[in-house]
Amino acid sequence: MTRTILVTGGAGYIGSHTVRAMRAEGRPVVVLDTLELGNADAVIDAPLVVGDIADEALVTSVCREHDVDTIVHFAAYKNVGESMQQPSKYFHNNIDGTVHLLDAAVAAGVQHVVFSSSCSVYGTPERIPVDEDQTIQPESVYADTKAIVERILGWYDQVHGLRSVSLRYFNAAGASFDSRIGEDWDYALNLIPVAIRALLRGDQRLKVFGDDYPTPDGTCVRDYIHVDDLAGAHLAAVDLLRNGGATTAVNVGTGIGSSVKQVLDGIERVAGKPVPHDIVDRRAGDPVSTFAEPTRAREVLGWQARYGLDEILDSAYRWHLSQHVGRPAAG
Ligand SMILES: NC(=O)c1ccc[n+]([C@@H]2O[C@H](COP(=O)([O-])OP(=O)(O)OC[C@H]3O[C@@H](n4cnc5c(N)ncnc54)[C@H](O)[C@@H]3O)[C@@H](O)[C@H]2O)c1
């Protein structure tokens, strides 16, 4: 009998796409989410337990009841700016919450964890493309919560034999190709949803932070990875661990950098009209350019990205169009 995967934060953006990919392969799944920032509808037909990762009694009973051997752990707060204003909120949820989750997992006999880490653990990278051996030097509270949890996971392996894969995502983007689920701009602060909001809703112009960086067109460069590609990396990580793979950390990116201007040009191509935007001063703490060296993911997980910026922008635009046109502006 195939054992069950517990997906924390499975009602959120990346979690819901991953749950859907697991269900499409017939894998048994149970979702745990507070729904604070998630959407029950996005879980579609997977069993959903509404609750907190810090509730050890709940996690232990869910793991036992569903015969969970692997936890895919998305649940966390992710707003970098907010983490610099309210650090304790991030320490409590992202770190304390994870420690409670892991203790419950160990008590219930769970053997593996796949963890949502982030390329932000590298801070401003020493060289690009960014490989996994670069120095971990987080530049925000949020990023440090990811680095700390990676280290905690190393200790839980050493002490309890709980093996894990930390997936260091680059910039998750895009929506499901059937427009069923996507990244809600009411919650997201990332470039693509904010740019599409500026275009479709028109209630605020996009701010482009700096166009005088030492990049080909002067704007910052990032590695945008389609959310369904990300979902595939989680399935590969679960299989690696179930096949006895050792604890490790792996970049999940395409290896291709795209500038802010390339993203805006791409949205204009998809939408047939330009994104209303203003160039403003550079924002403190933004790395100029960062994109993944994806070789380890290929070698260790047997995974590589299938989609590029065009598919990301096309799927994101079509999903937003299906969701938001005609809806009144919030607040
Ligand atoms: N979106 C990105 O580009 C990106 C990049 C790197 C890393 N990550 C990480 O990936 C993970 C998922 O990101 P996302 O974009 O899907 O975020 P999201 O906010 O859409 O999803 C997070 C989900 O976790 C839930 N949650 C939060 N705290 C919880 C708790 N204590 N107990 C139970 N549920 C809880 C929320 O309700 C939400 O549904 C996060 O850990 C994030 O830090 C995201």
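In this predicted model, Ser179 occupies the loop that runs between β7 and α6. Although Ser179 is not a glycine, its phi is positive, at about 60 degrees. Ser179 has 16 other C-beta atoms within 10 Å and is therefore classed as partly exposed. A second residue other than glycine with a positive phi is Asp67, for which the value is near 55 degrees. Asp67 is placed in the loop between α2 (56–66) and β4 (68–73), and, because 14 other C-beta atoms lie within 10 Å, Asp67 is likewise partly exposed. A further positive phi, of about 70 degrees, is taken by Gly202, which comes just after α6. The backbone also contains a cis peptide bond, which leads from Ile128 to Pro129 and has an omega near -5 degrees; Pro129 itself belongs to the loop between β5 and α5.

Helix α6, which spans residues 191–200, is mostly covered, since eight of its ten residues are buried. These buried residues are Leu191, Ile192, Pro193, Ala195, Ile196, Arg197, Ala198 and Leu199. The axis of α6 comes within 11 Å of the axis of helix α8 (residues 260–271), and the two axes cross at roughly 45 degrees. At this angle, α6 is therefore oblique to α8. The crossing of the two helices is right-handed. On the side of α6, the contact is formed by Leu191, Ile192, Ala195, Ile196 and Leu199, while α8 contributes Val260, Val263, Leu264, Ile267 and Ala271. Divided by class, the contact of α6 with α8 consists of ten nonpolar residues, with no polar and no charged ones.

Within this contact, Val263 may be considered individually. Val263 is located in helix α8 and counts as buried because 23 C-beta neighbours lie inside 10 Å. When neighbours within four places in sequence are left aside, Val263 is in contact with Leu191, Ile192, Ala195 and Ser258. Val263 and Ile312 are 49 residues apart along the chain, and their C-alpha atoms are separated by 9.9 Å.

The crossing in which α4 passes α5 is right-handed. To the contact, α4 gives Pro87, Tyr90, Phe91, Asn94, Ile95, Thr98, Val99, Leu102 and Val106, and α5 gives Val141, Tyr142, Thr145, Ile148, Val149, Ile152, Tyr156 and His160. By class, the contact of α4 with α5 is made up of 13 nonpolar and four polar residues, with no charged residues.

Gly10 is found in the loop between β1 (4–8) and α1. Because 30 other C-beta atoms lie within 10 Å, Gly10 is buried. Not counting residues up to four places away in sequence, Gly10 touches Gly15, Ser16, Val19, Val31, Asp33, Val43, Ala46 and Phe74.

Terms used
Residues numbered from 1 in each chain as written. Predicted model: local features only at pLDDT ≥ 70, side-chain atom pairs only at ≥ 80, totals over all residues. Axes fitted to C-alpha atoms, helices over the stretch in contact; angles between N-to-C directions. Helix = DSSP H or I, 4+ residues; strand = E, 2+ residues; numbered from the N terminus. Parallel < 35°, antiparallel > 145°, perpendicular 65-115°, else oblique. Left-handed = near helix turned anticlockwise from the far one by under 90°. Contact = placed C-beta atoms within 7 Å. Nonpolar A, V, L, I, M, F, W, Y, C, P; charged D, E, K, R; others polar. Buried ≥ 20, exposed ≤ 12 C-beta atoms within 10 Å, placed from the backbone.
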